[in-house]
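Work through the exercises below with the model open. Each task is followed by a stepwise solution.

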Amino acid sequence: MAAVAQTTPLSRILWPALAWTIALIFFFPIFWLVFTSFKTDADAVKPEHLFFFTPTLENYANMTENYDYWRFAINSVITATFATAFALAVGVPAAYAMAFDPSRHTKDILVWMLSTKMLPAAAVLYPMTFLTKNILGLFDTHFLIIAVLCLINLPIVIWMLFTYFKEIPKDIIEAGKMDGVSTWGEIKDILIPLAWGGIASTALLTFIFCWNEAYWTVRLTTIDAATLSKLIEGNRAPEGLFFGRLSAVSTAAVGPIVVLGWFCQKQLVQGLTFGAVK
Amino acid sequence: MANRTLPRLLQAPAVIMLLLWMLVPLGMTLFFSFIRYVLNSLRRPEWTTPSIENWRGLGNYKYVLDAKDFWFAIQNSVFIVVSILIFTVVFGLLIAVLVNRSFPGRGIVRVLLISPFFVMPAVNAVLWINMILDPVLGLNGLAVAGINDLVVGLREFPVIGQFFSMWPELKPISFRASQTSAYAVIMMVTWQWTPFAVLIFMTSLQSEDESQKEAAMLDGASAWSQFINLTIPHLARPIAIVVMIQSIFHLSLYAEIEIVSRGNGNKNLPYLIGEFTSNNIGAASATGIFAVILANIIAIFLLRMVGKSLMD
């Protein structure tokens with residue numbers, strides 16, 4: 001590509017330099033968050049300590065005391081893990097049936113599933129509050145958050161798995177059937193080993209979406225099942241008082257997920273566009 | 001023809017769960033939108049229980065349509081969504097074309113570029129509104145103060161001092177006012193979602209027909225005309241998809257507005273629904289139905305595109 005462009009030495013330097021500059025600008029806010037997290041609250045707002053200061057780990061050491069970080073982090077881990085596991089447990093058999101035994105309705109069912117993902121959450125805010133508080137008594141429980149996270153991600157899970165499963169030659173599954181392997185055996189011994197990569201990246205992406213969810217986790221919890229989104233939302237505007245400690249707890253909330261995200265950039269395209277971009 | 005029972009059975013849990021999840025709350029919203037239903041009322045305590053007795057017909061819809069807040073929220077939702085769309089698509093295209101050539105460190109550039117997308121919305125908002133945009137203590141305030149100090153220092157010099165003494169003192173923009181906080185939301189969401197556009201456009205650029213480009217180059221087509229005549233048409237479909245997916249996500253923006261605005265008047269539809277929900281459930285539900293209709297208009301086009309590519 002661009003054989004002409006690459007012969008001029010100027011453009012050989014210029015374009016990469018521009019690309020690097022833009023990348024660094026985009027990464028800068030994250031860098032600044034991490035950078036600020038090593039300043040004391042006092043240093044964080046002093047112009048003379050903008051770039052030069054004595055780094056400290058006290059914000060991280062005091063995270064439990066200041067924000068009860070681990071309580072929220074553990075809730076995030078529990079809800080995201082179980083929601084991902086349940087979504088896969090329901091999604092794998094469904095996607096298996098759709099990919100290897102499609103009926104003429106399969107396409108419609110898939111499109112309908114995606115359509116549930118497109119309903120604005122706010123439209124059902126009060127019914128969800130009412131149902132969970134007054135009728136089911138599940139408000140602010142781990143079970144509720146797990147169920148909701150599982151449901152809002154189920155369409156994406158099924159869709160991603162469906163596209164991965166379709167890549168597997170049907171003959172392999174058919175051969176299993178001929179040999180009299182049970183359906184459960186087919187899924188466990190043939191499908192899962194073959195589609196392991198696809199299942200793993202689906203799980204990873206679902207976990208990230210669950211971790212970052214910021215509507216239901218904020219509106220349907222108070223304290224018991226509150227996740228990191230709720231923690232940060234609750235400490236949203238310190239008016240400059242606690243920049244250091246707030247940066248530390250924010251870094252701890254997003255750090256692991258950003259790193260996980262690096263490993264599934266490719267799957268992200270598929271997961272978010274429902275395979276419409278190849 | 002194979003036995004149909006088993007595949008149906010395997011799909012049943014997913015279908016039933018999603019059906020309940022969709023129908024039950026939405027049905028309730030629909031019902032509440034037709035009755036008088038408030039959480040607190042000393043004058044009319046009978047309105048505090050949802051019941052068919054309190055039927056109001058289209059009254060809630062009329063109330064919402066007459067509310068100034070509703071039209072402002074629609075306008076503001078559209079303003080925020082369209083601004084974000086323009087910025088993310090334009091930046092996304094330029095960056096994708098830029099990064100789609102090979103150069104040293106391309107892998108690292110990709111990783112740096114994609115990172116904002118994985119930051120949770122709550123942290124995104126807290127980080128931008130405090131550490132970056134705060135008019136006194138954030139980088140915004142510090143940068144403006146730094147420029148002012150510099151100008152004051154330069155005034156001490158002969159000759160050029162004369163020039164700089166005519167410069168005004170700059171004032172940092174506060175992003176906590178009602179209009180500017182919408183700009184802050186646009187900024188932070190653009191930062192978060194440009195990587196998404198870049199990623200999709202890059203995926204699509206990799207499937208671009210190179211032989212066509214080479215032919216164009218031999219014909220002496222400039223890089224710009226190649227971009228306009230070959231690359232943009234090739235990207236038409238991904239652009240449409242980026243626009244639709246983002247519209248659906250950003251029409252439901254919530255955490256960012258909640259964190260940045262804190263009731264300063266900057267609101268969108270989900271935020272307005274949240275406000276109504278503190279007392280007037282009838283109005284909240286009618287607004288919710290409007291939000292569903294708005295999202296559906298976009299979703300229908302998107303689903304059609306997705307549906308087409310589904311089985312091939």
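**Exercise 1: the largest cavity**

By class, 35 nonpolar, six polar and three charged residues line the largest cavity. Here Ala, Val, Leu, Ile, Met, Phe, Trp, Tyr, Cys and Pro count as nonpolar, Asp, Glu, Lys and Arg as charged, and the others, Gly among them, as polar. The model is predicted: local features need pLDDT of at least 70, side-chain atom pairs count only at pLDDT 80 or more, and totals for chains, interfaces and linings use all residues. Residues are numbered from 1 along each chain as its sequence is written, and chains are lettered from A in the order in which they are written.

Task: find the volume of the largest cavity and the element that gives the most to its lining.

Solution.
1. A cavity is a set of points on a 1 Å grid over the protein atoms alone where a 1.4 Å probe fits but cannot get out; lining residues have an atom within 4 Å of a point.
2. The volume is about 1000 Å³.
3. K117(A), I152(A), E213(A), F249(B) and S252(B) lie nearest the centre.
4. α9(A) gives the most to the lining, with five residues.

**Exercise 2: the second largest cavity**

Task: which element gives the largest share of the lining of the second largest cavity?

Solution.
1. The volume of this cavity is about 90 Å³.
2. Its lining includes M118(A), P120(A) and S252(B).
3. The largest share, three residues, comes from α14(B).
4. Ten lining residues are nonpolar, one is polar and none is charged.

Technical notes
Heavy atoms only, no water. 1 Å grid on protein atoms, 1.4 Å probe; cavity = no way out; pocket = protein on both sides within 12 Å on 5 of 7 lines; lining within 4 Å. Points joined across faces, edges and corners; volume = space filled by probe spheres on them. Helix = DSSP H or I, 4+ residues; strand = E, 2+ residues; numbered from the N terminus.
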